[in-house]
Amino acid sequence: MGQVRQPRRVQAYDGELGAAVARAQDGDEAAFAVVYRIVQPGLLGYLHGLVGDDAEDVASDAWLEIARDLGRFKGDGAGFRGWTATIARHRALDHLRRQRVRPRAGGSEQDVLDLPGPHNTHEQALESLSTERALELVRGLPRDQAEAVLLRVVVGLDGPAAARVLGKRPGAVRTAAHRGLKGLARQLGLGGEAGAGVTDEVPRTLGE
């Protein structure tokens, strides 16, 4: 089974992000603004996949915690994205519990068991949609697939980092992402037979 590639545009910012985080930890407010600019788009996209229209509010709560605990963080730019995604996920799940939102069922898991086709199909699928439309389709996936896709494709985490956020094994997250992207590609009519192409996904509104 192929692997989901981390978006190059996200990787390109990791060096800048790591340096900005270090400066922000020393009290540089301008550096914190740089950190926010780099991290917020992916974090907000991830939260939209989890809580829908409440993403902005949940993101605000997450950033309050991020700012408060910034001094405790140790790691590089990629590690920081994983750390912030973990905080955002906790805040999203707290929000959903308060709202008593239960995860909605997605498609049958058997529908996405085919092996993936070309490894760039998931990029074609996402690039063919507006962000809002893509997230709507992702929210229709089973929860594990949706979260895996969001973390891998939207936030840009690698397999091990996404696994740490979700508290799962990297292999399980990789498989869920593959199945999710394949389901997304199939909905878009990409990848040939049975959507043979994509493998990564993103969840609707996550319950608990």
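**Close-up 1. Helix α5 packs against helix α8 in this predicted model.** The axes of α5 (residues 77-99) and α8 (residues 143-155) lie 12 Å apart, at an angle of about 140°; axes are lines fitted to C-alpha atoms, for helices over the stretch in contact, and angles run from 0 to 180 degrees between N-to-C directions. Helices here are DSSP runs (H or I, at least four residues), numbered from the N terminus. The crossing of α5 over α8 is right-handed, that is, the near helix is turned clockwise from the far one by less than a right angle. Look for R81, A85, R89 and L93 on the α5 side, meeting R143, E147, L151 and V155 of α8, where contact means heavy atoms within 4.5 Å. Sorted by class, this contact has four nonpolar, no polar and four charged residues (Ala, Val, Leu, Ile, Met, Phe, Trp, Tyr, Cys and Pro count as nonpolar, Asp, Glu, Lys and Arg as charged, and the others, Gly among them, as polar).

Local features need pLDDT of at least 70 and side-chain atom pairs pLDDT 80 or more, while totals for chains, interfaces and linings use all residues, and side-chain values use heavy atoms, with hydrogens and water left out.

**Close-up 2. Helix α3 also meets α8.** The axes of α3 (residues 29-51) and α8 come within 9 Å and cross at roughly 160°. That makes α3 roughly antiparallel to α8 (angles over 145 degrees). From α3 come G42, G45, Y46, G49 and L50, and from α8 come E147, L150, L151, V154 and V155. By class, you will find six nonpolar, three polar and one charged residues in this contact.

**Close-up 3. Helix α9 is mostly covered.** Of the eight residues in α9 (residues 159-166), six are buried, meaning under 20% relative accessible area. They are G159, A161, A162, A163, V165 and L166, and their cover includes α3, α5, α8 and α10 (170-188). At the start of α9, a side-chain oxygen of D158 comes to within 2.9 Å of the backbone nitrogen of A161. After α9 comes G167, with a positive phi near 70°.

Close-up 4. P170 and P160 are ten residues apart in sequence, yet their C-alpha atoms are 5.1 Å apart in space. With a relative accessible area of 34%, P170 is partly exposed (between 20% and 50%, using a 1.4 Å probe and protein chains only).

Technical notes
Residues numbered from 1 in each chain as written. Helix = DSSP H or I, 4+ residues; strand = E, 2+ residues; numbered from the N terminus. Parallel < 35°, antiparallel > 145°, perpendicular 65-115°, else oblique. Polar contact = N/O pair within 3.5 Å; in protein donor to acceptor, adjacent residues only side chain to side chain.
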